[in-house]
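Please read the following note with the structure open beside it. The points are brief and may be checked one at a time.

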Amino acid sequence: MDEIHAKSELSEAAQEELMSMCEQQFALLEKLQNEIILCEPDFSENPQEQSVNWLLATQAELEQWQTAEPRLLAQNSEVLLKAGKEEMLKLCSELEMVLACAEAKRDKLRETKKLEQKWLEEKRQVLNAVTDHGKLMQEQSEKISEHSVLQDTKDKIQKIKVYQERLIESMGEILEKHVPPPRSDHSAKKKKNTPDESNKDLITLSEILELLMNKFLKTPHDPYVTIDSTFWPPYIEVLLRHGIAVRHQENNFKIRLETFF
């Protein structure tokens with residue numbers, strides 16, 4: 001280091017030349033400062049005009065400096081080499097600082113990039129999991145929906161069947177209580193306590209209504225029931241007169257349940 005420092009020192013002649021140039025520049029600077037102090041312009045009554053004059057003078061001096069050719073500070077090559085080395089060392093130091101800042105920023109960006117990639121991968125995994133879960137839930141929902149609709153339909157059908165059975169039972173009780181049992185014409189002439197064998201072939205009014213309802217529900221396109229010898233005529237007459245049943249337009253031996261809606 002001492003050898004390098006010794007080599008970097010200027011010779012005595014170069015130092016004398018450099019000191020002479022510094023003295024000349026300080027003398028010139030002092031002279032210009034004195035001239036500026038002595039030649040300060042008086043403040044005019046119009047500040048705006050004075051500002052314009054200062055601006056024009058400054059522009060003229062700027063143009064003069066721009067057109068002037070640069071000159072060397074010294075003619076001695078040793079001085080120029082020393083100044084160049086110092087500038088180069090200063091520039092290298094600044095560039096090293098810039099490089100260090102750039103590397104630190106690069107490392108920071110790499111770390112940020114890794115964190116962002118990790119975050120993105122986690123979000124992708126979450127998205128895939130949510131998508132799969134959504135598809136599974138949708139499939140389960142569709143299955144549950146189909147099953148619930150089917151089960152609801154079955155429940156409704158069962159309720160209707162139960163209601164129909166209760167309705168038939170209630171209707172049978174009412175008919176048994178208020179409607180006389182079927183009997184043939186000649187049985188009316190016999191005594192009340194004498195059993196009539198011909199009544200065994202006749203069906204009750206509740207059975208007739210059940211036949212009509214079952215026919216209407218099972219074959220709605222052909223709801224007519226054919227009247228035979230088991231149908232007691234007074235029952236048929238009651239059904240027709242009260243609008244519960246209607247005859248076929250072309251066949252009087254066929255009746256169907258009236259549509260009540």
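Which residues are buried in helix α6 (residues 233-241)? The points below begin with the answer, after a word on the source. The model is predicted, so local features need pLDDT of at least 70 and side-chain atom pairs count only at pLDDT 80 or more, while totals for chains, interfaces and linings use all residues. Residues are numbered from 1 along each chain as its sequence is written, and side-chain values use heavy atoms, with hydrogens and water left out.

1. The buried side of α6. Tyr-235, Ile-236 and Leu-239 are buried in helix α6, where buried means under 20% relative accessible area, exposed over 50% and partly exposed in between (1.4 Å probe, protein chains only). These three residues lie on the same side of α6, because they cover an arc of only 100° around the axis; the arc is that of the directions from the helix axis to the C-beta atoms. Helices (H or I, at least four residues) and strands (E, at least two) are DSSP runs, numbered from the N terminus.

2. The other face and the end of α6. Pro-233 and Arg-241 are exposed, on the face of α6 turned away from its buried side. After α6 comes Gly-243, which has a positive phi, near 70°.

3. The cover over α6. The buried residues of α6 are covered by elements including α5 (205-218), β2 (245-247) and β3 (254-257).

4. The aromatic pair. The structure holds 1 aromatic pair. The ring centres of Trp-232 and Tyr-235 are 4.7 Å apart and their planes stand at 90°, so the pair is edge-to-face. Rings of Phe, Tyr and Trp (its six-membered ring) pair if their centres lie within 6.5 Å; planes under 30 degrees apart count as stacked, over 60 as edge-to-face and the rest as tilted. Trp-232 counts as buried at 10% relative accessibility, and Tyr-235 is buried with a relative accessible area of 5%.

5. The sheet. An open sheet of 3 strands has the order β1-β3-β2, and its pairing is antiparallel. β1 (225-226) and β2 stand at the edges with a single partner strand each, so one side of each has no neighbour in the sheet. Two strands pair if DSSP finds at least two bridges between them; β1 and β3 are joined by 2 bridges. Val-225 has Ile-255 in β3 as its bridge partner.

6. Ser-206. This residue lies in helix α5. Ser-206 is buried, with a relative accessible area of 18%. Leaving aside neighbours within four places in sequence, Ser-206 is in contact (heavy atoms within 4.5 Å) with Gly-172 and Leu-175.
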